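Visitor: Could you take me on a close look at one loop, and then at the places that surround it in the story of this chain? I would like the cut-offs along the way, please.

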Amino acid sequence: MTAAGLQWAAPAKINLYLHIGPVRADGLHDLASLFVFAKGGDVIHVKEAKSLSLKVTGPFAPLLKDVAPHKNLVFRAGELLAREAGVAAGAAITLEKNLPVAAGVGGGSADAAAALRALVKLWNLSISEAALLRLAFELGADVPACLARSPVNVSGAGERIEKGSVLPPLWIALVNPRVEMPTGPIFRAFDAAHLSPSAPRLADFKVVNYAQLKQAMQGSRNDLEAFAIERAPVIREVIENLAAAPGSIAARMSGSGATCFALFASEAAASRAAAFARARGHWAMASGLHVR
């Protein structure tokens, strides 16, 4: 940490698959998923201050200009952590927003998780990982998993996290057709179509090579994909283009959309797929993945 503060990466979260189950008594859905994390994404900057504040910069900052700071998950993470730790410390937080908003790549959740990590260090707090996970779940179902950088199996409504498989070296092309996809309506559409869904099961992702990874992807799914496509048919076109990209191992939508992804064994292939999407006016990013 320097006098200027410190920064913490908030990498894009990708659901390699997402199996959805019934609604629980707390109103959340049971799910089963494998979360992986890109090496690119948003960035949290924090420095000492007398009070808590939040500034948003970056290419997608204009989409958040009308969101009051106290309604932003990053600011709420700071409030919650300070209250839990019993400290009166402040912090000037800057969120560098590089990822699309309402996009299915855990932007807000990853930002909140990064803010928790950064503020623990800035304030020199002694807090257990279990306590931090509990605070993260108070902020949102995806936040606990986003505290990790390595692949994690996620179940429950997001509160049960286990170390995921060690994957072969991977690169990813993320493509968003510049369509915001609010989570609520997608889950409600799923509920309307599945009055009694079965309990979700974790997929078998014990893979050591690309052929096994492709097979594991074929044996899993994203249960929300069809409902996002119904709302924004362009998502189907994005997935088809990614699946057809040279070197593509598998292509799918992440989360509740609208961001889609393809997995590649080489950086060059991922970069070509991202460039192809950008030429069509989509937002796209190529990145390595944290695979262990």
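Guide: Here is a walk that begins at the loop between strand 8 and strand 9 and then visits other parts of the chain.

First, some ground rules. This is a predicted model, in which local features need pLDDT of at least 70 and side-chain atom pairs count only at pLDDT 80 or more, while totals for chains, interfaces and linings use all residues. Residues are numbered from 1 along each chain as its sequence is written, and side-chain values use heavy atoms, with hydrogens and water left out.

Our loop runs between strand 8 (250-253) and strand 9 (260-264); helices (H or I, at least four residues) and strands (E, at least two) are DSSP runs, numbered from the N terminus. Look at Ala 258 in this loop: the peptide bond that joins Gly 257 to Ala 258 is cis, with omega about 10 degrees. Thr 259 sits in the loop between strand 8 and strand 9 too, and at 0% relative accessibility Thr 259 is buried. Here buried means under 20% relative accessible area, exposed over 50%, and partly exposed in between (1.4 Å probe, protein chains only).

What does the side chain of Thr 259 make a polar contact with? Its partner is the side chain of Asn 176, at 2.9 Å. A polar contact is a pair of N or O atoms within 3.5 Å; within protein, one must be able to donate a hydrogen and the other to accept it, and residues adjacent in sequence count only if both atoms are side-chain atoms. Setting aside neighbours within four places in sequence, Thr 259 is in contact (heavy atoms within 4.5 Å) with Ala 103, Val 105, Leu 174, Val 175, Asn 176, Met 253 and Ser 254.

Ala 102 lies in the loop between strand 4 (90-96) and helix 2 (107-122). Phi of Ala 102 is near 50 degrees, a positive value in a residue other than glycine, and Ala 102 is partly exposed at 32% relative accessible area. Asn 124 also has a positive phi, near 55 degrees; Asn 124 is in the loop between helix 2 and helix 3 (129-139) and counts as exposed at 69%.

Strand 4 pairs with strand 3 (residues 52-57) in the parallel sense over six bridges, where two strands pair if DSSP finds at least two bridges between them.

How many disulfides does a search of the whole structure find? The search finds zero, a disulfide being a pair of cysteine sulfur atoms within 2.5 Å. The sulfur of Cys 146 has its closest cysteine sulfur in Cys 260, and because 18 Å separates them, they are too far apart for a bond. Cys 146 is buried at 5% relative accessibility, and Cys 260 is buried at 0%.

The aromatic rings come next. The whole structure holds three aromatic pairs: rings of Phe, Tyr and Trp (its six-membered ring) pair if their centres lie within 6.5 Å, and planes under 30 degrees apart count as stacked, over 60 as edge-to-face and the rest as tilted. Among them, Tyr 17 and Phe 205 have ring centres 5.4 Å apart and planes at 25 degrees, so this pair is stacked. Tyr 17 lies in strand 1 (residues 6-23) and Phe 205 in the loop between helix 5 (183-193) and helix 6 (210-218), so the pair ties together parts 188 residues apart in sequence. Tyr 17 and Phe 205 are both buried. For Phe 60 and Trp 283 the centres are 6.4 Å apart and the planes at 75 degrees, so the pair is edge-to-face.

Trp 283 is in strand 10, and so we finish with Ser 287, which lies in strand 10 (residues 283-290). Ser 287 is buried at 8% relative accessible area, and a polar atom of the Ser 287 side chain lies 3.2 Å from the backbone nitrogen of Gly 40.
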